[in-house]
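Notebook open, model loaded. I want to go through a few local features one by one and write down what turns up.

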Amino acid sequence: MVVSLDGRGPRYAQIIRALIALVERGVLSAGSRAPATRELARDLGCSRNVVLMAYEQLIVEGYFVSREREGTFVARELSPRSPPAGAGGAAAGPSRKAVLSPHGRGVLRAARAAMGIVGCQPGCAVDFVHGLSVPDDRLLRALRRALSKPLRDRAFSYGSAAGDPALREQISLRLRAARGIARPIAQIVLTSGTQQALDICARLLLGQGDRVVVEDPGYEAATAAFRAAGATVLPVPVDRDGLDPARLPAGRRSAKLVYVTPSHQFPTGAVLPAARRYALLAWARRARAYVFEDDYDGEFRFAGQPIPALAGLDPDVVIYCGTFAKSLFPSCRLGYLVLPPALVEPAVRCKWLTDRGSFRLVEGALAELFATGHYDRHVRRMLRRYRARRDTLVRSLRRHLGAEVEIEGSSAGLHLVAWLPALPPARVRDLVAACRERGIGVYPLAAHAARPPKRAALVLGYGVVDVNDIEPGVSKLAAAYRQVRPVGELAALNAQIPAYQE
Ligand SMILES: Cc1ncc(COP(=O)(O)O)c(C=O)c1O
């Protein structure tokens, strides 16, 4: 019998792999005596101890059994089979196809449709990507210090599934002051960002075929979470004022849930006016539906007073969701739900089931950032920084595109929408490509729409772009635009088409 080693890694691990391969090929048959250790060591030119180490591991893994005074044998239960892909080196064939449940297939379809819609365009010198933000050095220094607090407190065991009480207390204080939401910390549940909050609500509230309303254009990751739960998604067109409650399906129990971004509609940036807010809540009460309020960038409002949250108006109907993805950075994976009282226990138990609670060290560090005032100072600094970038972007768009561009949704958040009325929507793809050739990353609004928009538009983010790069970037964007824009009658005709669905 030839035991040949593959030369990769420690010698004892090579011996283990070689012997397993022999068992799997049936060369070492079930119940047979294992090769004598002394001889094997001699054949392989290694010490007997190395072979003994390998045998010990094979006994632990159940390939070999040791019988007192008799020696070591191949386990009886083992029969020859082809090795698992990757384990046997050269012999490995294509891996087995996944056998998913119908539910699993639905989850896969939903996630495939949403993942990767927006991501940085590698190699772009100026990237107007939206949905991303980076903290400044001052926050990083504060964060380094804050992280040592939960470490000193030795926060290593499981925490409360609802999340760190100190952090929930800090969130509760700010929600009361800034968003008009007065809720005890018992109604606040920390989550791994908005995405997990959506998933928890979808799992708890939606069954196969239940209807859920989303905004169109809207946030594809929310749609994906609802579809993954088996729900039927009804995209309702938004207009300049966001979601129009008059377009919601009629009748009791016509939908179980409505997902909205009332403070800064994603992606158009519309603010839902008071009359629509009340109409939406009245509709939800009639339909016995919940409203999921995604307040993803409420901290960054550049003009006027902060807009009170919907959740402040009807605590029994609105599920409010906040995230630190914008105010800090997306990879902190921390957000929170503020729930109607009846949904608190289901949500906490669902959170426990999902991951037994978020990462305590991050929660603890964030609580410390709040307690020391660093978080609020950071948000104020970032507000100034984003305002400067927003102003530069708006100015540059006006300077380089003049009457060819209509800017919307620039009063808050980290992105705005640039409508290009003279450009046929079908040419947006050419515009994106022409920008890319010039090293500029821009993103079509149509990527977030269920029904293709009638007008061309770009979503331009300024969460990660340097303020000094904005003007040169827009100048190149304008050059790309002139390259793809039609001239004459077609442009004039196109400009007459309204931006929103009638
Ligand atoms: C509409 C909307 N909601 C929420 C988020 C943040 O999601 P998360 O907290 O899961 O990172 C984003 C990020 O881009 C968003 O665009």
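Before I use any element names: helices (H or I, at least four residues) and strands (E, at least two) are DSSP runs, and I count them from the N terminus. Also for the record, I am looking at a predicted model.

**Entry 1: cis peptides**

I looked up the bond from phenylalanine 266 to proline 267, and it is cis, with omega near 5 degrees. Proline 267 sits in the loop that runs between strand 8 (257-260) and helix 9 (274-287).

I then went to aspartate 216 and proline 217, which are also joined by a cis peptide bond, here with omega about 0 degrees. Proline 217 belongs to the loop between strand 5 (211-216) and helix 8 (220-228).

**Entry 2: positive phi**

Next I checked backbone angles. Arginine 69 is not a glycine, yet its phi is positive, about 65 degrees. I find arginine 69 in the loop between strand 1 (64-67) and strand 2 (71-74). Is arginine 69 buried or exposed? I have it down as exposed, because its relative accessible area is 82%.

Arginine 333 is another non-glycine with a positive phi, about 45 degrees. Its loop lies between strand 10 (318-323) and strand 11 (335-338). Arginine 333 is partly exposed, at a relative accessible area of 38%.

**Entry 3: cysteines**

How many disulfides does the count come to? I get zero. I wanted to know why, so I looked at the sulfur distances, with 2.5 Å as the cut-off for a pair. For cysteine 321 the closest cysteine sulfur is in cysteine 201, and at 7.6 Å that is too far for a bond. Cysteine 321 is also buried, with a relative accessible area of 0%.

For cysteine 332 the closest cysteine sulfur is that of cysteine 321, but the gap is 13 Å, so a bond is ruled out here too. Cysteine 332 comes out as buried at a relative accessible area of 11%.

**Entry 4: salt bridges**

My salt bridge count comes to 20. I picked out a few pairs to follow along the chain.

Glutamate 408 and arginine 240 meet through their side chains at 2.3 Å, N to O. This pair ties together distant parts of the chain, 168 residues apart: glutamate 408 is in strand 12 (residues 406-408), and arginine 240 is in the loop between strand 6 (232-239) and strand 7 (242-243). Which side of the burial cut-off does glutamate 408 fall on? I count glutamate 408 as buried, because its relative accessibility is 14%, while arginine 240 is partly exposed at 45%.

Then I looked up glutamate 404 and arginine 485, whose side chains form a salt bridge at 2.7 Å, N to O. The two are 81 residues apart, with glutamate 404 in the loop between helix 12 and strand 12 and arginine 485 in the loop between helix 14 (467-484) and helix 15 (489-495). Glutamate 404 is partly exposed at a relative accessible area of 25%, and arginine 485 is partly exposed at 22%.

Glutamate 406 pairs with arginine 455 in a salt bridge of 3.1 Å, N to O. Here strand 12 supplies glutamate 406, and arginine 455 comes from the loop between strand 15 (443-444) and strand 16 (456-461), 49 residues apart. Glutamate 406 is partly exposed, with a relative accessible area of 31%, whereas arginine 455 is buried at 8%. I also noted a network in which Asp6, Arg8 and Arg17 are joined by salt bridges that share partners.

**Entry 5: the positive patch**

Last stop was the surface charge. I found a positive patch made up of Arg138, Arg141, Arg144, Arg145, Arg377, Arg380 and Arg384. Helix 5 (137-152) and helix 12 (374-401) each put in at least two of the patch residues. Which element gives the largest share? That is helix 5, with four residues.

I took one of them for a closer look: arginine 145 is in helix 5. Membership in a patch needs over 30% relative accessible area and no salt bridge. Arginine 145 clears that area cut-off and counts as exposed, because its relative accessible area is 53%.

Key:
Residues numbered from 1 in each chain as written. Predicted model: local features only at pLDDT ≥ 70, side-chain atom pairs only at ≥ 80, totals over all residues. Heavy atoms only, no water. Patch = residues over 30% accessible without salt bridge, like charges linked within 9 Å, V, L, I, M, F, W, Y side chains within 5 Å. Areas by Shrake-Rupley, 256 points an atom, 1.4 Å probe, with all protein chains shown as cover. Salt bridge = Lys/Arg side-chain N within 4 Å of Asp/Glu carboxyl O. Lys, Arg positive; Asp, Glu negative; His and termini not counted. Charge placed at Lys NZ, Arg CZ, Asp CG, Glu CD. Buried < 20%, exposed > 50% of the residue type's maximum accessible area, 1.4 Å probe, protein only.
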